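Here is a short briefing. Please view the structure first, then read the points below.

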Amino acid sequence: MEVLKLATAGSVDDGKSTLIGRLLYDTKSMTDDKLEAIERTSKQKGYDYLDFSLATDGLVAEREQGITIDVAHIYFSTPSKSYIIADTPGHVEYTRNMVTGASTSQASIILIDARKGVIEQTHRHFFINNLLRIKDVIVAINKMDLVDFSEETYNKIKADFEELMKKREYQDQTITFIPVSALKGDNVVNRSEHMSWYKGQTLLEHLEELDQKDIYNTGTPRFPVQYVIRPKTDDFHDFRGFSGKVYGGELSVGDEVIVLPSMTRSTIKDIYFYDKKYQTAPRRSSVTITLEDEVNVSRGDMLVKVGDLPTVDKQLTATISWMDGASFIPGGKYVLQHGVNKVLAKVDAIEHKINPDYSGIEENVSALQMNDIAKVRFRLNKPIFYDKFKNHRTNGSFILIDSRTNNTAGVGFIE
Amino acid sequence: MSTLTELIKKSDTLIGDERPSANALEHEAIYIIREVAAQFEKPVLLFSGGKDSITLVRLAQKAFWPAKIPFPLMHIDTGHNFPETIEFRDKLVEELGVELIVRNVQDSIDEGKVVEETGKYASRNMLQTTTLLDAIEEFKFDACIGGARRDEEKARAKERIFSVRDDFGQWDEKNQRPELFDMLNGEIEIGQNVRVFPISNWTELDVWSYIQKENIEIPSIYFAHKRNIFLRDGLIWSAEDEVVFRAEDEQVEERMVRFRTVGDMSCTAAVESYADTIDKVVAEIRDSRISERGARIDDKRSEAAMEKRKQQGYF
């Protein structure tokens, strides 16, 4: 069954948890025991409606403060699709969680409170979705019940958002507006009886129709070698298989390939998945490949098709999103993990900081703090084999690890 | 040992379809398991004999074929297992030709490291943590692969795929490493270890559908069978072993039941069911209105039961 990974973004009290709860409830994905637990706790707290956030705010601190701190993953399915929602907190200080949630998602939902309209937070949410080049963005204008289901209010918010869209860098992003009331259930799964002026799809109808299959199929296959398989058994004495995941395109038996960084040329002999051979390894399949020639290949090397080389370089410029408590400074050294490959990186210069609310850039920045986004130049101790993020989602991104703490301190999108 | 002709014959039958399975979750899990083998020196797969860990074993086989799984399996034995699970475990390990390590909660009790719970709800589920942490230290394991899923419970929903634990095995839930794209950061200090959850994104139905499709053998208690049981708090408890405490006024009766999870017997209740084949089980799960952990008394102790256990090092 097709799996659709979705991220949600909204400010505090925009009703994000309620929307997710409504999706679960109306698709009958919430089991009776979980529903009873929500009913019990809602009643205990004296609420006169069901507080669905109780289902998703999994940590004690979250329930105490009534806010979402960390990304939670929620699962539901319809007869045609499995959905995974990365529920990301909307606070200013949690930009890192939004970037994280969006990085694994194919589509996203931005929530707007119909009473408040487009606010500064909305700019941030949209900026991050656009930075991460999420193909499908749904703008759910929520709490329509509190503005008398007014078409005028909806149109005003839509116009404001369209104004914001003019500033985006990634123009091919598809944006869909849906007026909803998560609390009352209007236009989430079931069509609203209060908004006959809205002729579009409900949220779920829209999600069901999204066809994500080929969006990231750039036709540029990259095969970073994860692990070399040498069974050394009597049956497979000379077997040397290179296992990994195929990104950006597909590879087939007979394809002529180049091994990076050695630049050795060979041909794909067999493609294995478990104990069977296949003709083609599709995008995102975890396979094991053998080559016609005896070639020296180890973890971190990459197979690419002849005539389709990535950039091989020891220097790069990237937009980074900084996620660590310790500040990021020019001259600082980090472990740069690009796919499964790790190299050392030195910060050459911070070119400028980018305000994630579309208010422009700041030059002459001496350091970056958590949640900052900036354009940065790096020098590496060894070349890596990369593409631009706009051309290749996986081969154009990396993470930065602080070797003092081993924490994942930031993420970069290569330009 | 195979002869050459046998080998050639074998490789002829090996040719599959044009493309391998389109199950994205399966490819994701295999990728994660390979990252563990590549990034860590001493990984181990935590094996309980339950369906999730059996699924993990199949995924690990797929990840490294034609080589053997390059790490041992470890069972933290509460001593309160369903006998069917242990028989199954031993058979599987023999077929795979991998090493099995067993560490017993009973030993931790005998050594005075933990105290057995008493009373109506006594369980050894909590006690497993101590035995697990001791075994990690004993073998210096730096990565423990487990079959936990995010859909099981809301604290689990916050768990990373590579989840770092400190020297005391503790989970710092408010300070977790962000996980971006497919990149898994397995860098740790000496003494720390990582819990790895390759099937994080699978649901209960995904696991059952996979078992069905792959035709994976599982212990018989997952299928409907006649069992002597008694009822307590609306849950069905096995009355066939001494392990589950039963008060004198709790009447034993025979019913058709099966187990949806196979944990420690003392905290795992059965469900009434006539699903005696894998197809019927999948159909039953698809229509179920009760979550899998609805029959686990360990989660009912409080709203934060799982989070608390995890902070202390529970798997």
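**Helix α6 of chain B**

In α6(B), the buried residues are B:Gln128, B:Thr129, B:Thr131, B:Leu132, B:Leu133, B:Ala135 and B:Ile136. Buried means 20 or more other C-beta atoms within 10 Å of a residue's own, exposed means 12 or fewer, and partly exposed lies in between, with C-beta atoms placed from the backbone. Helices (H or I, at least four residues) and strands (E, at least two) are DSSP runs, numbered from the N terminus.

This is a predicted model: local features need pLDDT of at least 70, side-chain atom pairs count only at pLDDT 80 or more, and totals for chains, interfaces and linings use all residues. Residues are numbered from 1 along each chain as its sequence is written, while chains are lettered from A and ligands numbered from 1 in the order in which they are written.

**Packing and geometry**

- The buried residues of α6(B) pack against β2 (73–77), β3 (100–104), α5 (105–110), β4 and β6 (193–196) of chain B.
- Contact means C-beta atoms, placed from the backbone, within 7 Å.
- B:Lys140 follows α6(B) and has a positive phi, near 55°.

**B:Gly146**

- B:Gly146 sits in the loop between β4 (143–145) and β5 (162–165) of chain B.
- B:Gly146 counts as buried because it has 22 C-beta neighbours inside 10 Å.
- B:Val196 is 50 residues from B:Gly146 in sequence, but their C-alpha atoms are 6.0 Å apart.

**Contact between chains A and B**

- Chain A contributes 58 residues to the contact, and chain B contributes 53 residues.
- On the side of chain A that touches chain B, strand β2 (residues 72–77) of chain A gives the most, with four residues.

Definitions and conventions
Contact = placed C-beta atoms within 7 Å.
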